[in-house]
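Hi everyone, thanks for coming. Please bring up the picture on your screens, and we'll walk through it together.

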Amino acid sequence: MRLCLSGMHILLIEDDVLAAEYLTKGLGECGHVVDHAADGNVGLNLALNGHYDVIVVDRMLPGRDGLTIIRMLRADRNQTPALVLSALGEVDDRVEGLRAGGDDYLVKPYAFSELLARLEALARRNQPAAQQQRLQIADLVIDRQNQTVKRAGRLIRLQPREFRLLEYLMRNAGRLVTRTMLLEHVWDFNFDPQTNVIDVQISRLRGKIDTGFSVPLLHTVRGAGYLLSESP
Amino acid sequence: MNLPRLFRTTAVRLTLRYAIAYAVVMGLLLAALYWTSSRYVDSQLETGLEQELYSLNGKFESGGLQKLAQAVSQREEHGLQEGRYYLLVGRDGARIAGNLLAWPPDSHIPYDGKVHSVWVEDDIIPGSRYDDDAYWPVIVRELPDGSRLLLSRSIRQAEDLQESMLYLMAFILTMAVLLALAMGVTLGRTILGRMDTISRAAGEIMAGDLSRRVPASGSNDEFDALAERLNSMLDRIQQLIKGIREVTDNVAHDMRSPLSRLRNRLEVTLLEGRSKDEYRDAIGKTIEDAESLIRTFNTMLGIAQLDSGNNRTQWSHVDLNTLASDLEELYKPVAGQKGQEFRLVTGEPAEITGSRDLLAQAIGNLLDNAIKYTPEGGAILLRVKRLEDAIEVMVRDSGAGIPAAEREHVLERFVRLESSRHTQGNGLGLSLVKAVAHLHGAGLRLGDAGPGLTVTLRFPHSRTD
């Protein structure tokens, strides 16, 4: 199972020491370097003076709350991607968190794989792949301008939403993408659809891009999400 | 019931205030009455004097001084008893007849035949019976031959009358004020008594007896109305508490089985040494169980937050047609997997103000139910329809439907019909729909599609928007 990529420098501002320990361990095993601050003021100092790929910040903190930290960072023209953790979890809280300058929002309790996938997506969203007109993995090629998809030179017809789904997977190729991330970015929805709606969408897409080819590209990561990659 | 407490009651305080005002008004009234009546008595005296002077003058005119003196002498004796006084003096001032001993020393009495108030000394009153010196009404006339006639009346009787009137008035006033006070105290006692009943009942309820109610006196007054109001409030509270208890029981029940399953699996896995794959498998299943627990928990929290109903700050315009077609795109393939036909019918623009995510969650839950409870090959319809005063979102399936008697019941939390026990779910789906509908001011109706179920969300809307 490929959950981990390596090499991010992550700042974790979280006052729950036990939770922070698990996260540090988990992220460390995936090859990331984690700095931990248990207090809002210490966290803000680290964030202002260090160079991080991504910041994970809890909303409720001693010293200074999470949203204030992000606001102060943004006021300081620091655009380090930030993910807000919260135990609140209502629609309004989420919008509030994003308005404060947060880039993503995750409600406790969350799955570790979800956090990891979102962190990696955040840290790499400004990389060239996000802007390229033509994306390729193995013999699968999509052209964003013409909205065309080809595999081994053969044209594949996709519906607009299927194209958006594939495009998102291609942009995050080689990385785990969770169901909620897909629902958020491809369908603009932020709710729990209860059933396996995303699984069905994925299997339809898989039917179009993988069926009839020797190497499957779209993999299911059990209990976590999906992965578009040459090697499973 | 102690007195200080009684005097703090509103009733007694009000009564005191009114009693004072009442006494002042009544005092003024009685004073006016007293003044008027004494004026009346005075004028009666004056008229009597004038009439008698006139009559005695007649005697003089018909029979001269001698006849007048005779008439005065005749009246002396009787007059003395009734407080009537006479004095006839000659031109030289010598007394001729009358029961007054001498001319009043205050001799500047005008001889004009009109009544004047004159100081009369004791010593000119014969025998000084019971009349004291005082200002008396006096009338004097000078006769043509130079003699003078003086008439006067004792004011003693008038004074007696006024005095007894004064006593009577004071008595009436005192009685009236006392009566008012007594009424106030009685009223205060009654109110205190009724209040104590309510307060005692409240005390017992606080002590834990939630089924206790405030007794009504049966007089149908405002206290009974208050008691009735309080009782229906208590009914509502008791019902809410019962509801919370039920939910707690259900939560305990619904959480217990996955929790014990989760624990048992871990325990059994640990019993013997296992292969890496077996551990992996056990952990994977455990994560799935935890996931489903968290989901149930979050949905419950979500419903609770929706019910508290104060998160409308981030609302925006939501086009229900677009939302419906987005959801169709998401759910149609799932229906397709079960060989169900999924149809979307939209029409005129249908924009409302609300939360897109919550509305998606609600309609999504309905679609999810429809797909779950409709057999393979069935049909599902999602329809958005604009009516005169509302926008309706309807989900219809061709499944088994819900018996009419159960339709209210299924909207409650954690309720799952027997027939659906074998399917996945936590029994919160429709409760969430209900909460979202309520938050958006929409009506939620379950109906019969014969066969199948229709669920209709009706958003109030006016054409002018």
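What you see is a predicted model, in which local features need pLDDT of at least 70 and side-chain atom pairs count only at pLDDT 80 or more, while totals for chains, interfaces and linings use all residues. Residues are numbered from 1 along each chain as its sequence is written, and chains are lettered from A and ligands numbered from 1 in the order in which they are written.

Back to Arg77(A). This residue has a positive phi of about 60° although it is not a glycine. You'll find Arg77(A) in the loop between helix H3 (66-75) and strand S4 (82-86) of chain A. Helices (H or I, at least four residues) and strands (E, at least two) are DSSP runs, numbered from the N terminus.

Asn220(B), not a glycine either, has a positive phi of about 60°. Asn220(B) sits in the loop between helix H3 (156-206) and helix H4 (222-271) of chain B. Why is Asn220(B) classed as exposed? Because 10 other C-beta atoms lie within 10 Å.

Now for chain A as a whole. How many helices and strands are there in chain A? There are eight helices and 12 strands. Chain A has 232 residues, and 38% of them count as buried. Two residues are in contact if their C-beta atoms, placed from the backbone, lie within 7 Å. Among the contacts in chain A with a separation of 6 or more, 56% come from residues 24 or more positions apart.

Next, where the chains meet. Here 21 residues of chain A are in contact with 26 residues of chain B. On the chain A side, helix H4 (91-99) and helix H8 (197-209) are the elements that give two or more residues.

On to the inside. A nonpolar core is a set of buried Ala, Val, Leu, Ile, Met, Phe, Trp, Tyr and Cys residues joined through C-beta atoms within 7 Å. The largest one has 104 residues, and Val54(A), Val56(A) and Val436(B) touch the most other members. Its largest share, 10 residues, comes from helix H7 (residues 356-373) of chain B. Leaving out residues up to four places away in sequence, Val54(A) touches several residues, including Met8(A), Ile10(A), Leu83(A) and Leu119(A).

Let's finish with two prolines and a lysine. The peptide bond from Lys108(A) to Pro109(A) is cis, with omega near -5°, and Pro109(A) is in the loop between strand S5 (104-107) and helix H5 (112-123) of chain A. Another cis peptide bond joins Gly450(B) and Pro451(B), with omega about -5°. Pro451(B) lies in the loop between strand S11 (443-448) and strand S12 (453-460) of chain B.

The lysine is Lys338(B), which counts as partly exposed because it has 15 C-beta neighbours inside 10 Å. Lys338(B) and Pro375(B) are 37 residues apart in sequence, yet 7.8 Å apart in space, C-alpha to C-alpha.

Note on methods:
Buried ≥ 20, exposed ≤ 12 C-beta atoms within 10 Å, placed from the backbone.
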